[in-house]
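This report describes a protein model in terms of its helices, strands and chain contacts. Please keep the sequence and the coordinates at hand while reading.

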Amino acid sequence: MFPEIGQFALILALSLAICQTVFPLVGAHRDDAAMMGVGRTAATGQFLFVGVAFICLTYAFLTDDFSVLYVANHSQLALPTLYKVSAVWGAHEGSLLLWIFLLAAWTVAVARFSSGLPDAFAARVIGVLGFLSVGFLLFALLTSNPFDRLVPAAADGGDLNPLLQDPGLAIHPPLLYIGYVGFSVAFAFAIAAMISGDLDQRWAKWTRPWTTLAWLFLTLGIALGSWWAYYELGWGGWWFWDAVENASFMPWLIGTALIHSLAVTEKRGLFKSWTLLLAISAFSLSLLGTFLVRSGIIVSVHAFATDPTRGFFILTFLTVVVIGALALYAWRAPSLDSDAGFGLLSRETFLLLNNVLLVVATALVLIGTLSPLVIEMATGGKISIGPPWFNIAFLVPTIPLILLLGLGMHTAWRSQDKAIWWKTIRFPAIAALVLGVVIPMFVYGRVSVLLVVGCSAAVWIVVMSLIHPIRSLLREKGTAGITRSALGMSVAHLGMGLFVIGVTVVSAFGVESDRALQPGETIEVAGYEFEMRELRNVQGPNFSAIEAEIEIRSDGNVVGTLRPQKRQYLVQKNWMTEAGIDAGLDRDLFVALGDQLGNGGWSVRIQYKPMIRFIWLGAMVMALGGLIAISDRRYRVNVRKKAEVGAVSAEATA
Amino acid sequence: MKPRQQRMLALGLAALGIAIAAGLTLRAFQDNMMFFVEVSDVVAGNYPSERNFRIGGLVVGGSVQREEGSIDISFEVTDTACKVPVVYSGVLPDLFREGQGVVAHGRMGDDDVFHADKIMAKHDEDYMAPEVADSLSKHQQDIQEAVVKGAVECRPDVS
């Protein structure tokens with residue numbers, strides 16, 4: 001019965017989403033307060049009913065209700081409870097339900113915290129979000145109903161894909177989706193502002209915290225996905241430029257550009273139309289990502305079950321959303337001229353460059369991702385673009401981006417005095433160049449151009465990000481300290497610096513080696529000795545495994561013992577590699593079992609990954625920076641009060 | 001700067017950035033583009049020599065050979081019509097199995113053996129890389145028979 005309740009709840013949610021779209025939009029047009037008021041109530045109702053549907057599906061998983069097709073396909077009696085819960089979003093239908101649930105949650109949050117916004121504006125935002133809900137609810141009900149029954153019911157389920165039976169992947173999709181879906185808020189704000197034609201700087205201020213929040217979740221989601229691929233797929237890399245990874249990375253790049261562009265629009269009233277375009281693009285790329293993942297038109301290691309009708313639906317929805325948004329943009333954008341100017345040496349210039357470079361980076365990723373598709377359609381030839389191309393192409397915009405990032409942070413709005421500017425930047429610049437040579441030479445004993453560029457860039461960003469916070473700590477009593485938003489910016493950029501150092505060092509000095517190893521045998525990789533002490537059988541809840549005990553020594557001292565496993569899951573009979581990793585801030589040692597070699601030995605993949613943790617640490621620090629920026633008090637003051645007193649000043653503190 | 005100048009600056013920078021990016025993209029594209037070549041075409045000699053490409057098909061049953069204690073492995077890949085021998089040195093993916101779909105990156109050696117530097121099998125057992133599925137459906141042979149015998153009726157049209 002619960003699955004039916006879930007399905008009814010989804011249908012009711014669809015009806016409410018239609019109300020949530022129609023009434024507020026029409027109400028805002030007619031200036032009818034009663035109609036606009038429907039929006040908030042409908043949004044809350046929609047959220048509740050989607051919540052009921054979500055709980056019903058979770059309940060079906062927890063009670064092993066194999067009369068539900070989706071549960072029968074993706075769960076199993078012996079599946080640990082944690083994975084029964086995460087199996088809810090382990091495949092298409094459930095992950096779509098999660099998407100819908102999160103969209104409803106964002107809508108309710110916007111409705112709840114938008115009391116400071118003008119009524120008509122808030123109503124339009126809720127209406128646009130309602131329209132998106134309608135699209136996704138229709139998608140779920142028409143093509144991917146998670147509550148479809150299986151008659152007769154199965155005695156046991158087909159089990160969750162063993163790759164997904166992992167704590168990291170249990171929370172990766174929710175984080176990523178919160179980010180993806182969060183960009184719909186920025187999109188809705190942009191559309192609402194364009195419908196009303198009332199595009200002053202306030203909408204940028206209202207949009208900023210929401211966009212940053214979405215961005216920080218997307219950052220965490222991508223980082224977690226990268227970490228999962230590192231230890232679970234057993235390849236030991238952290239980024240593969242896989243189509244699905246790119247699909248999440250493109251909205252991130254545009255989202256990052258949007259955050260920076262919003263800063264200019266809020267503080268200076270410039271780049272308005274550009275910011276709108278970015279807000280539309282960020283969400284469109286999220287939709288494109290969903291389309292790529294779900295349609296299966298692109299070969300990807302991540303593409304699980306795929307279905308052309310679903311791809312067609314998303315493509316149609318994508319077209320409607322993008323064409324609608326762009327048409328509105330074409331109509332409204334020309335009236336957005338601003339007379340404000342800025343000097344050549346000013347923060348505006350640097351943020352403009354930031355945007356250009358991030359857009360170029362996104363374009364490159366898009367070209368690399370879609371070109372196999374385009375070439376196949378044009379010539380019939382099947383090609384693939386390898387990671388080496390992405391690695392080279394991506395450096396073109398990012399190296400200047402990193403250099404300019406350090407400068408831009410210490411450049412004032414409007415125009416910057418050259419003498420003061422030079423005084424601030426010269427010592428960090430020298431320090432970065434010196435350390436950029438010293439670090440690789442003395443720590444790792446090798447120098448190359450790319451290494452020096454990478455290390456210098458990392459030191460440069462780290463030093464430049466620390467200047468403001470340190471000055472604030474050392475300031476005289478009674479003077480104003482750094483604002484939360486400036487501190488957030490510094491912290492986020494510091495995270496970028498940590499990320500760059502991690503990427504540089506691991507790319508240059510990482511070692512990967514496939515070797516044969518027998519019990520009792522010792523081999524040496526990257527200066528470490530790996531001895532296979534023994535092999536034994538172990539039993540998990542729903543798998544049996546062969547486990548190797550591998551002792552690692554360095555100069556005769558035991559560094560650690562790893563226990564990599566080769567698991568066979570009992571239902572799907574798949575073999576799965578569970579790598580053993582000795583993790584540390586300075587380096588990871590990674591051992592994965594390969595195949596039995598017939599003489600009692602195994603092939604093993606051994607990796608030495610120096611500073612790879614900085615990659616994910618950097619991403620977490622970036623997200624922390626976003627969190628600090630959102631907590632700035634100017635986002636909490638009552639906007640309506642301020643609006644009554646007078647237009648928000650363009651001179652908000654930098 | 002006045003708005004007009006700003007726009008010109010923005011446009012100029014964007015154009016410059018895109019021009020550089022496009023130039024580099026095209027150049028690097030040539031070097032990193034990897035073609036997928038069907039097994040029958042490989043047998044017929046229609047493949048890019050001197051550069052890497054991908055092949056895909058099913059691993060022929062009983063063809064997987066390994067020297068005891070070594071990580072070197074050899075096997076045959078078939079598109080159900082023809083088959084090509086492959087050698088590889090290293091750890092195989094978990095889903096690599098006789099009779100299952102596989103994609104290999106590498107190049108042909110002078111010994112008419114495909115030297116793979118990367119082997120991929122897919123996550124999902126039911127799932128086959130689209131180009132492999134395409135290549136198999138072209139030949140319309142009995143897959144079971146092909147997997148057991150290797151090549152059923154290899155008639156590479158040497159053109």
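The model is predicted.

**Chain A as a whole**

Chain A contains 18 helices and 11 strands. Its radius of gyration is 26 Å, close to the 26 Å that the globule rule gives for 654 residues, so chain A is as compact as a globular protein of that length. The C-alpha trace of chain A spans about 80 × 75 × 60 Å along its principal axes.

| Helix pair | Axis separation | Angle | Handedness of crossing |
|---|---|---|---|
| α5(A) (92-112) and α7(A) (167-196) | 9 Å | about 50° | right-handed |
| α2(A) (33-62) and α6(A) (119-143) | within 9 Å | roughly 45° | left-handed |

Helices α5(A) and α7(A) pack at an angle of about 50°. That angle makes α5(A) oblique to α7(A). On the side of α5(A), the contact is made by A:Ser95, A:Leu98, A:Trp99, A:Leu102, A:Leu103, A:Trp106 and A:Val110. Helix α7(A) contributes A:Pro173, A:Pro174, A:Tyr177, A:Ile178, A:Val181, A:Gly182, A:Ser184 and A:Val185. The residues of this contact divide into 12 nonpolar, 3 polar and no charged.

In the other pair, the axes of α2(A) and α6(A) cross at roughly 45°, and the two helices are therefore oblique to each other. From α2(A), the residues that meet α6(A) are A:Ala33, A:Met36, A:Gly39, A:Arg40, A:Ala43 and A:Gln46. Their counterparts in α6(A) are A:Asp119, A:Ala120, A:Ala123, A:Ile126, A:Gly127, A:Gly130 and A:Ser133. The contact of α2(A) with α6(A) comprises 6 nonpolar, 5 polar and 2 charged residues.

**An open sheet in chain A**

An open sheet of 4 strands has the order β2-β11-β10-β9 in chain A, with antiparallel pairing. Strands β2(A) (511-517) and β9(A) (580-582) stand at the edges and have a single partner strand each, so one side of each is left without a neighbour in the sheet. From one strand to the next, the twist averages 20°.

**Contact between chains A and B**

The contact between the chains involves 36 residues of chain B and 47 residues of chain A. On the side of chain B that touches chain A, the elements giving two or more residues are α1(B) (3-32), β1(B) (33-35) and α3(B) (130-139). The largest share of that side comes from α1(B), with 14 residues. By residue class, the side of chain B that touches chain A divides into 20 nonpolar, 8 polar and 8 charged.

Strand pairing also links the two chains: β1(A) (383-385) and β1(B) pair in the antiparallel sense over 3 bridges. Opposite A:Ile385 stands B:Met33 in β1(B).

Note on methods:
Residues are numbered from 1 along each chain as its sequence is written. Chains are lettered from A and ligands numbered from 1 in the order in which they are written. This is a predicted model: local features need pLDDT of at least 70, side-chain atom pairs count only at pLDDT 80 or more; totals for chains, interfaces and linings use all residues. Axes are lines fitted to C-alpha atoms, for helices over the stretch in contact, and angles run from 0 to 180 degrees between N-to-C directions. Angles under 35 degrees count as roughly parallel, over 145 as roughly antiparallel, 65 to 115 as roughly perpendicular and the rest as oblique. A crossing is left-handed if the near helix is turned anticlockwise from the far one by less than a right angle, and right-handed if clockwise. Two residues are in contact if their C-beta atoms, placed from the backbone, lie within 7 Å. Ala, Val, Leu, Ile, Met, Phe, Trp, Tyr, Cys and Pro count as nonpolar, Asp, Glu, Lys and Arg as charged, and the others, Gly among them, as polar. Two strands pair if DSSP finds at least two bridges between them. The radius of gyration is taken over C-alpha atoms; the globule rule is 2.2 Å times the number of residues to the power 0.38.
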